[in-house]
Amino acid sequence: MKRILVTGALGQIGSELTDALRDKYGKDNVVASDLQEPCAETKAAGPCEIIDVLDKNALDAVVKHYKVDTIYHLGAILSAVGEKNPQLAYQVNMNGLFNVLEVAREQKLERVLVPSSIAAFGPDSPKNNTPNDTIQRPTSMYGVTKVAGELLGNYYVKRFGVDVRGVRYPGIISYKTLPGGGTTDYAIDIFYEALKNKKYTSFLGPDSRLPMMFMSDAIKSIMDLAEAPFESLKHHADYNVAAVSFTPQELADAIKKRIPEFEISYEPDYRQEIADSWPASLDDSCAREEWGWSHEYGLEEMVDIMLEKIQEKLS
Ligand SMILES: NC(=O)c1ccc[n+]([C@@H]2O[C@H](COP(=O)([O-])OP(=O)(O)OC[C@H]3O[C@@H](n4cnc5c(N)ncnc54)[C@H](O)[C@@H]3O)[C@@H](O)[C@H]2O)c1
């Protein structure tokens, strides 16, 4: 039986992942945790704890109390927030991960899932169809913590036999929980503004092509990886997973097909430099070959769902 702890369960991905894990493994077997009470409204849905991942004792106690065997570690500081406060990004993304891995090692947990990011690549990496295994020299603090986190995860597999697994998420598109301060957030903001004001000013330029993925695929990828037989994995904390790649202009065009009055304008800010250092598209053949990854949602389906669901939220 699985007993799961989710850190960062209030976040954009953690909130939906917690629900999906509860559906699959039973609500009582998934403990949601975050810096604040993660379940004020949904306590009935399952156990909840306040955990700062920088507090190893708190992590230890919750893992013991609930007999946790698997941690999905989603607590993190994202790219744009991390560039504003690199010291905090370092603390949370490095020391928080270290605490999670140490608890997993000491308490002999079955598995740790920890997302990495396309931010683990940098301007020296091949920009198009970026291979799984290539040069990684990120230039943002977030990216530095993500590539270091991958290496640390792989080290724990090799050195201590802790089963650490991770996908490099592209920008994740969703409508339930607002994003937490990443460079791809424009691709969510744009839907709210298109529906509310019929116009949007993008903080990335028209041609900034980035890999993106709909939330359902993001959740499927990490849950599928968690279930893969260990023997089939040649990588561990560092799998490229891809779905679609588009530019702000292409996304705006897709929205305009459905809302003809919609207009986009561009005022690139500090996030442009971060975006420019990232891949435009990913080669995810390792994930497809080693654990059968495949995505379901393309741009058109995603735009239809986002407009429909955000319209429902706004009305
Ligand atoms: N959302 C994306 O587009 C995206 C893309 C690539 C990778 N990722 C990765 O996925 C993971 C989850 O991202 P997200 O989008 O849900 O982020 P988010 O910012 O929406 O949520 C992160 C959560 O972590 C919590 N947190 C922050 N500091 C903490 C601490 N010290 N202790 C415990 N919790 C803390 C926050 O309160 C927040 O609820 C992260 O590792 C992120 O790097 C996300």
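In which loop is serine 277 found? Serine 277 sits in the loop between helix H9 (271-276) and helix H10 (285-291), where helices (H or I, at least four residues) and strands (E, at least two) are DSSP runs numbered from the N terminus. This is a predicted model, in which local features need pLDDT of at least 70 and side-chain atom pairs count only at pLDDT 80 or more, while totals for chains, interfaces and linings use all residues. Residues are numbered from 1 along each chain as its sequence is written, and side-chain values use heavy atoms, with hydrogens and water left out.

Serine 277 has a relative accessibility of 6% and therefore counts as buried, a term that means under 20% relative accessible area, with exposed meaning over 50% and partly exposed in between (1.4 Å probe, protein chains only). A polar atom of the serine 277 side chain lies 2.7 Å from the backbone oxygen of isoleucine 274. When neighbours within four places in sequence are left aside, serine 277 is in contact with Phe121, Gly122, Pro123 and Thr139, contact meaning heavy atoms within 4.5 Å.

Another serine, serine 125, is placed in the loop between strand S6 (116-117) and helix H5 (141-160). Serine 125 counts as buried because its relative accessibility is 6%, and, leaving aside neighbours within four places in sequence, serine 125 is in contact with Thr130, Thr134, Ile135 and Gln136.

Within helix H4 (residues 86-106) lies valine 100, which is buried, with a relative accessible area of 0%. Apart from neighbours within four places in sequence, valine 100 is in contact with Leu59, Ile71, His73 and Val112. From valine 100 to arginine 137 there are 37 residues in sequence and 25 Å in space, C-alpha to C-alpha.

In helix H6 (residues 186-197), the buried residues include Tyr186, Ile190, Phe191 and Leu195. Lysine 198, which follows H6, has a positive phi near 60°.

The last stop is a pair of helices. The axes of helix H1 (residues 12-25) and helix H7 (residues 215-227) come within 10 Å and cross at roughly 55°, the axes being lines fitted to C-alpha atoms, for helices over the stretch in contact, with angles running from 0 to 180 degrees between N-to-C directions. H1 and H7 are therefore oblique to each other, since angles under 35 degrees count as roughly parallel, over 145 as roughly antiparallel, 65 to 115 as roughly perpendicular and the rest as oblique. Residues making this contact include Ile13, Leu17 and Leu21 of H1 and Ile219, Ile222 and Met223 of H7.

Technical notes:
A polar contact is a pair of N or O atoms within 3.5 Å; within protein, one must be able to donate a hydrogen and the other to accept it, and residues adjacent in sequence count only if both atoms are side-chain atoms.
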